[in-house]
Amino acid sequence: MTLSYSSSGSVPARTSGARRQSRAGLAFVAAYVILLIAFGILPTGYAVYFAFTDAGGTFTGFGNFITTAQDFRFMDAVGHVALYLLFWLVSLVVFVVSLALLLHRLASGTISKSLRFFFYIPGALAGAASVLVWLFMLDPAVSPVSSLLGMLGFHTFGEVIAPGNLPLLFTVIAFWTGAGGWIVVIYGALNNIPGDVMEAARIDGAGAWQTAWHVQIPMLRKWIVYMVILAFAGGAQLFVEPQLLSLASVGVAGRDYSLNQLTYDFAFQMNNVNGAAAVSVELLVVSVSVAAVFVARSGFFDAD
């Protein structure tokens, strides 16, 4: 094989092109690293500093963590977020994977393309805008589905947003907003399953259910783990939904429903930035620990 050379006559053109690609890759990575340091690592370090000091900058050890944990609202907020995460993660895994598999069974027809488009539309709305849409939908006085709400026994907005209903309501809002993007991602992962593997399953007599359970879902394991990790991290930071609902309901839904709301209250209502930082660091540690467990148990970085 004959290699062509660059105009200098000393470096093969192919090698020169590879170097250019390497430099471009480093430029992209460098830009990401700069943003990560500026908006991720430095703020995290700043929060850790506040979490272990008092207002005067004196080291307090775990004092801020103990103080916030003893707040009468803290354990309630932990319970609220834990229950919401349970509903949210279970519904996300079950329905996203199921809908992606169904979408994949429809192949590449017009129906499949239309469904992918409609699934993704809610994700185009910002979180606050999505919550406002649902506030309108959940108020029997103005909702276009007020008759359905009445059939379910809800005749006033206060009945709909009763505290016992909030985990389910927040799950529905989160699913409507975020599930569409994940359906598209899982659908793309299904398209990457080798055709000969699917053909072998058909030859062995596997039906649609057996193929999905024994072939497709196991091969989606890493994508599902990735989805769960990000969904857990996002769900643990529940804030926009209960905060807007608290304002719309004039206190029916408390402003300290979630841990993030509690940090907001510590920082801006009680002027306790150090306590707010302590709760934030706790959320970070829990999210990183859960991610580490999922990565380790699933062999996320193992070569297939």
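Me: Before we look at helix pairs, how is the angle between two helix axes defined here?
Reply: Happy to start there. The axes are lines fitted to C-alpha atoms over the stretch in contact. The angle is taken between the N-to-C directions, and its range is 0 to 180 degrees.

Me: With that in hand, at roughly what angle do the axes of α8 and α11 cross?
Reply: Keep in mind that this is a predicted model. Helix α8 covers residues 166-191 and helix α11 covers residues 221-236. Their axes come within 10 Å, and they cross at roughly 160°.

Me: Are α8 and α11 roughly parallel or roughly antiparallel, and what is the hand of their crossing?
Reply: Angles over 145 degrees count as roughly antiparallel. The pair is therefore roughly antiparallel. As for the hand, the crossing of α8 and α11 is right-handed.

Me: Which residues make the contact of α8 with α11, and what classes do they belong to?
Reply: From α8 come W182, V185, I186 and A189, while α11 brings W223, Y226, M227 and L230. Sorted by class, this contact has no polar and no charged residues, and its nonpolar residues number eight.

Me: How far apart are the axes of α11 and α14, and how are the two helices oriented?
Reply: Helix α14 runs over residues 273-298, and its axis lies 10 Å from that of α11, at an angle of about 170°. That angle makes the two helices roughly antiparallel.

Me: Which residues of α14 take part in that contact, and what is the class make-up?
Reply: On the α11 side are R221, V225, V228, I229, F232, A233 and A236. Facing them in α14 are L283, V286, S287, V290, A291, F294, V295 and S298. By class, the contact of α11 with α14 has twelve nonpolar, two polar and one charged residues.

Me: Why is α13 described as largely enclosed, and what covers its buried residues?
Reply: Helix α13 spans residues 259-268, and eight of its ten residues are buried, so the rest of the structure largely encloses it. Those buried residues are L259, N260, Q261, L262, T263, D265, F266 and A267. Their cover includes α2 (63-69), α3, α12 (240-248) and α14.

Me: How does α13 pack against α14, and which classes of residue meet there?
Reply: The axes are 7 Å apart at an angle of about 160°, and the two helices are therefore roughly antiparallel. The crossing is left-handed. L259, N260, T263, F266 and A267 of α13 meet V273, A276, V279, S280 and L283 of α14. The classes in this contact are seven nonpolar, three polar and no charged.

Me: Where does N271 lie, what is its phi, and is N271 buried or exposed?
Reply: N271 sits in the loop between α13 and α14. Most residues other than glycine have a negative phi. The phi of N271 is positive, near 55°. With 66% relative accessibility, N271 counts as exposed.

Note on methods
Residues are numbered from 1 along each chain as its sequence is written. This is a predicted model: local features need pLDDT of at least 70, side-chain atom pairs count only at pLDDT 80 or more; totals for chains, interfaces and linings use all residues. Side-chain values use heavy atoms; hydrogens and water are left out. Helices (H or I, at least four residues) and strands (E, at least two) are DSSP runs, numbered from the N terminus. Angles under 35 degrees count as roughly parallel, over 145 as roughly antiparallel, 65 to 115 as roughly perpendicular and the rest as oblique. A crossing is left-handed if the near helix is turned anticlockwise from the far one by less than a right angle, and right-handed if clockwise. Contact means heavy atoms within 4.5 Å. Ala, Val, Leu, Ile, Met, Phe, Trp, Tyr, Cys and Pro count as nonpolar, Asp, Glu, Lys and Arg as charged, and the others, Gly among them, as polar. Buried means under 20% relative accessible area, exposed over 50%, partly exposed in between (1.4 Å probe, protein chains only).
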